[in-house]
Amino acid sequence: MGSPGLSNQATAARIGLSEPISTGGPSEFDVIKTRELEKFLVDAGLYESHEEAIAREEVLGRLDQIVKTWVKNISRAKGYNESIVQEANAKIFTFGSYRLGVHSPGADIDTLCVGPKHATRNEDFFGELYRMLVEMPEVQELHSVSEAHVPVMKFKFNGVSVDLLYANVSLWVIPEDLDISQESILQNVDDKTVRSLNGCRVTDQILRLVPNIQTFRTTLRCMRLWAKRRGVYSNVTGFLGGINWALLVARICQLYPNALPSMLVSRFFRVYNLWKWPNPVMLCPIEQGSLGLNFWDPRRNHKDTLHLMPIITPAYPCMNSSYNVSSSTLRVMTEEFQRGKEICEAIEANNASWDSLFEPFAFFEAYRNYLQIDIAAETDEDLMNWKGWVESRIRWLTLKIERDTNGALQCHPYPGEFSDKSKPNYHSYFTGLRRKQSPNPQATTEQFDIRMTVDDFKRDVYMYNSLKATMWINVCHVKRKEIPSFVFPGGVRPPPPPSGRGFEIRPVAQRLPGSNSPQPDNAVTGRKKRKQQQDEVSRGAVSASDSTSLDDSPARKKIQLNNFADTISNSGFPGNICSNGPGITGFGQSKLIEQQSSSEQTINFQGLSEEIDGAVELKSESQYDGEIEGLKTSVPVTPELATGVARPGEGPTCLAIQQKFDLEELEPLELSVTTATVPTSANMPTQKPIIRFSFTSLTKATGNSA
């Protein structure tokens with residue numbers, strides 16, 4: 001469980017798929033900024049105490065003893081002779097943030113139990129081992145998720161949260177020095193074992209592929225904190241999880257092998273702000289292997305062509321670790337990359353501090369309309385199981401809304417739940433809604449009827465195999481002013497923040513032609529007038545039951561891929577991040593992806609108050625006409641094509657991939673209209689939950705808006 005050395009030849013000319021962008025060392029300014037950044041991380045409480053580190057080691061040691069006892073017990077129960085029972089063994093491995101060395105205080109430990117072939121998953125692991133843990137006083141909050149894409153048991157052991165996976169390999173005896181990085185460990189095992197093993201295999205491979213492990217760890221701590229504060233850290237809701245962020249950071253470390261963390265953070269935003277998704281991020285060439293396992297290859301696998309933000313795992317079989325990303329969540333992340341780039345530029349110019357970069361995203365100030373998803377159950381245990389299932393399906397709602405509105409209605413799911421303390425066993429989730437900005441004036445008055453979409457989503461949720469009559473879910477539409485107070489710290493709604501906070505807010509002051517002086521009276525009058533008009537339209541479009549109107553879109557519109565600027569000036573990149581070059585047949589033909597132009601203004605509503613609705617100048621999202629070309633079969637998958645950074649004079653291929661291994665990840669979705677009947681219960685509302693949205697109150701954001 002120890003860590004590798006802190007340096008993997010940081011001065012090497014090439015680590016990874018391509019030559020580094022820069023091998024230059026740090027300047028004195030970089031050293032100063034890195035010290036400031038490290039101090040910020042310490043002050044933020046990202047490092048655990050020595051006592052907590054020892055407690056974690058003790059938990060891991062105790063857990064290792066438990067699984068060894070367990071495997072001997074089941075071997076004896078299955079009738080094996082005593083010599084085999086004594087040789088029977090199981091071993092605990094760690095992966096994720098703990099193995100990478102970037103875990104924070106209170107974080108869970110991702111663990112893997114590797115057992116022999118005769119110790120089965122369902123009967124022995126989720127049966128006998130579960131019963132053993134239930135009887136132990138040190139174990140609390142134990143629950144199993146055996147139906148997950150990656151089956152897991154979750155519990156607390158002496159207060160330390162543990163996620164325990166299981167892999168029964170094709171060995172009769174598990175040696176203490178078992179090396180799970182070898183390809184042979186994957187022989188004759190099922191898909192769930194492959195996915196469970198890949199967590200450890202990928203983590204170890206990342207540490208082998210970065211030039212300097214300590215620098216990588218500090219940079220990854222920064223990016224994990226940033227992603228959590230900006231609300232984009234959650235694989236299960238369609239953003240990125242821990243392994244995804246680790247892979248993105250590792251690629252930046254390869255491109256700048258001698259840079260310090262402050263520079264790597266800045267280059268992270270610069271590179272990925274200009275990255276042309278769906279070009280994949282990869283740390284090493286794809287290995288086809290000798291076991292015949294499915295791996296990423298868009299030329300052969302149709303599903304591999306459909307993912308929007310492919311981030312490839314480096315261990316065989318290579319997969320896409322980020323297939324949960326939707327067009328809506330990709331839009332949110334690209335806006336955040338743009339914001340991060342601008343703030344880092346300000347930091348480099350001594351015009352901003354690290355506090356600005358890590359400022360939390362004001363989710364409940366960012367949108368006017370939200371979906372509120374309420375769930376409830378009778379007992380704590382039921383709520384825990386119901387909660388896990390519903391959370392794994394929330395991204396279905398995002399995908400269904402995108403499908404049924406042809407991408408015109410964009411979603412921003414909040415990665416976490418809120419609890420109303422006055423209601424026991426009750427949780428709420430929220431998704432921000434906004435209309436996709438369009439140059440078409442008629443699009444600003446279009447109404448979205450998503451009642452059928454919500455009903456379809458609820459039918460899917462009620463397909464839960466362990467559903468009980470007391471498990472309940474409701475979805476409703478709320479406006480910003482109607483957000484319940486329990487979502488705010490202390491249950492108190494904060495006062496509207498002053499305008500002008502942050503880097504993207506630009507209040508629009510009304511000026512007379514030819515005058516340099518703002519006209520506040522006219523601005524206020526115009527704002528009130530528009531407000532009255534918006535209220536009238538809203539009252540006319542929203543029914544008394546506060547349901548939503550849903551217009552069935554007549555035809556599926558093509559989703560187009562914005563072409564970023566082909567060249568990057570003054571950025572230190574070799575040519576461009578990616579250009580539309582030759583490709584691989586089949587990729588991008590069945591689904592075209594819509595992205596934001598790299599030059600558009602990121603929107604940050606942290607300074608937006610209720611009184612200045614509509615008085616923020618937003619740049620419209622530019623739409624390009626370019627589509628991904630069909631790719632040629634004669635082009636092989638080479639490191640140069642697989643990397644997202646192009647060599648001068650070359651155009652890397654646009655590729656996509658599929659991954660199914662991360663603990664948070666779920667199986668890929670294939671959206672279809674379900675016909676299952678929703679089970680009824682006494683605690684379910686008898687009336688049909690209807691959501692009625694009118695976005696006519698959302699005035700088109702132009703420079704003339706007040």
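User: A nonpolar core is a set of buried Ala, Val, Leu, Ile, Met, Phe, Trp, Tyr and Cys residues joined through side-chain atoms within 4.5 Å. Which residues have the most contacts inside the largest nonpolar core?

Analyst: This is a predicted model, in which local features need pLDDT of at least 70 and side-chain atom pairs count only at pLDDT 80 or more, while totals for chains, interfaces and linings use all residues. Residues are numbered from 1 along each chain as its sequence is written, and side-chain values use heavy atoms, leaving out hydrogens and water. Buried means under 20% relative accessible area, exposed over 50%, and partly exposed in between (1.4 Å probe, protein chains only). The largest core has 65 residues, and those with the most contacts inside it are Ile206, Phe216, Trp226, Trp245, Phe268 and Tyr272.

User: Which helix gives the most to this core?

Analyst: Helices (H or I, at least four residues) and strands (E, at least two) are DSSP runs, numbered from the N terminus. The elements that give two or more residues to the core include helix 6 (191-209), helix 7 (213-229), helix 8 (242-255) and helix 9 (261-274). With ten residues, the greatest contribution comes from helix 8.

User: Which residues does tryptophan 245 touch, not counting residues up to four places away in sequence?

Analyst: Contact means heavy atoms within 4.5 Å. By this criterion, the residues that tryptophan 245 touches are Leu220, Trp226, Ala227, Val232, Tyr233, Leu240, Phe268 and Phe337.

User: What distance does helix 2 reach from its first C-alpha to its last?

Analyst: Helix 2 covers residues 50-77, 28 residues in total. The expected span of a helix is 1.5 Å times one less than its number of residues.

User: Which residue of strand 10 is the bridge partner of isoleucine 373?

Analyst: Two strands pair if DSSP finds at least two bridges between them. Eight bridges join strand 6 (residues 369-376) to strand 10, and the two run antiparallel. Strand 10 (residues 472-479) is mostly covered, with six of its eight residues buried. Within strand 10, the partner of isoleucine 373 is valine 475.

User: What is omega for the cis peptide bond that joins tryptophan 277 and proline 278?

Analyst: Proline 278 is found in the loop between helix 9 and helix 10. The cis bond from tryptophan 277 to proline 278 has an omega of about 15°.

User: Is asparagine 425 buried or exposed?

Analyst: Asparagine 425 lies in the loop between strand 8 (418-419) and strand 9 (426-435). Its phi is positive, near 55°, although the residue is not glycine. Because its relative accessible area is 15%, asparagine 425 counts as buried.
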